[in-house]
Amino acid sequence: MVGVLAIQGDFAAHARMLDELGGEAREVRSPDDLEGLEALIIPGGESTTISMGMKAAGLDDAIRALHAGGLPILGTCAGMIVCDDRHLGLLDATTRRNAFGRQLHSFELDLEVKGLGPDPIRAVFIRAPWVARHGPEVEVLAEHEGHPVVVRQGSVLACAFHPELTDDARIHALLMAMVSEPTGREAERAR
């Protein structure tokens, strides 16, 4: 069961992608909708609107608590921004909004992403951010023009593009695979 934050953005496209992978999606609009989730997606949209909507619904603190418990979280485009150190604080990273330019400067490219196999993924960048600064615990999985555009820190995966707008489900499959990874005390015991 994967929750898709449904405050703004193309949450329906994320749900379709999860369905194609055999997962079950639940739209998340309130803290009650987080109950029983195995992962969460924070989709694109407008980061200020998403942040204000989460705060108004009481979702920000609830998501932070789930993150502290090791819940896998995927942030895409504005969702990457929402995960950074100036918003939810799920990543030791600072993002730059509209880093590649405004809507007019949107673009697509084939991007090699570490851990997704030898074939590049088609990445759709729409008013996309990049990671301007990150701490040592943040692993950079892909860069474009020297800027990190896919990063991972523990149970949080974030990408600057919209993986839900293509037929390539590997980003979503990676999130689903993260569900079975040991976290917290389990990871310590496994060592």
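How many bridges join strand S1 to strand S3 (residues 39-42), and do the two strands run parallel or antiparallel? Three bridges join S1 to S3, and the two strands run parallel.

## Basis of the report

This is a predicted model, in which local features need pLDDT of at least 70 and side-chain atom pairs count only at pLDDT 80 or more, while totals for chains, interfaces and linings use all residues. Residues are numbered from 1 along each chain as its sequence is written, and side-chain values use heavy atoms, with hydrogens and water left out.

Helices (H or I, at least four residues) and strands (E, at least two) are DSSP runs, numbered from the N terminus. Two strands are said to pair if DSSP finds at least two bridges between them.

## The sheet as a whole

Seven strands form an open sheet with mixed pairing, in the order S2-S1-S3-S4-S11-S10-S9. The edge strands are S2 and S9 (139-144), each of which pairs on one side only. From one strand to the next, the twist averages 20°. In general, the strands of a sheet pair through backbone hydrogen bonds, either parallel or antiparallel.

Helix H5 (residues 170-178) packs on the sheet and touches S1, S3, S4, S10 (147-153) and S11 (156-159), contact meaning heavy atoms within 4.5 Å. The direction of H5 makes about 170° with that of S11. For such angles, axes are lines fitted to C-alpha atoms, for helices over the stretch in contact, and the values run from 0 to 180 degrees between N-to-C directions.

## The parallel strands

Strand S1 (residues 2-5) is covered on both faces: Val2 and Val4 on one side, and Gly3 and Leu5 on the other, are all buried. Buried means under 20% relative accessible area, exposed means over 50%, and partly exposed lies in between (1.4 Å probe, protein chains only). S1 is joined by four bridges to the parallel strand S2 (residues 25-28), where Glu27 stands opposite Val4. The chain crosses from S1 through helix H1 (residues 11-20) to S2, and this β-α-β crossover is right-handed; that is, with the strands pointing away from the viewer, the path from the first strand over the helix to the second runs clockwise. Ala12 lies in H1 and counts as partly exposed because its relative accessibility is 35%.

Gly3 has Leu40 in S3 as its bridge partner. Leu40 also stands opposite Ile73 in S4. S3 and S4 (residues 73-76) pair in the parallel sense over three bridges.

## The antiparallel strands

S9 and S10 run antiparallel and are joined by five bridges, with His144 opposite His147 in S10. The two strands form a hairpin with two residues between them, and Glu145 in the turn has a positive phi of about 55°.

Four bridges join S10 to S11, again in the antiparallel sense, and Val150 has Cys159 in S11 as its bridge partner. Their hairpin has two residues between the strands, and Gly154 takes a positive phi near 60°. S10 is mostly covered, with six of its seven residues buried.

## The nonpolar core

A nonpolar core is a set of buried Ala, Val, Leu, Ile, Met, Phe, Trp, Tyr and Cys residues joined through side-chain atoms within 4.5 Å. The largest one has 56 residues, of which Leu111, Phe125 and Val150 touch the most other members. Leaving aside neighbours within four places in sequence, the contacts of Leu111 include Pro120, Phe125, Val150 and Phe161. In soluble globular proteins, nonpolar side chains tend to be buried together.
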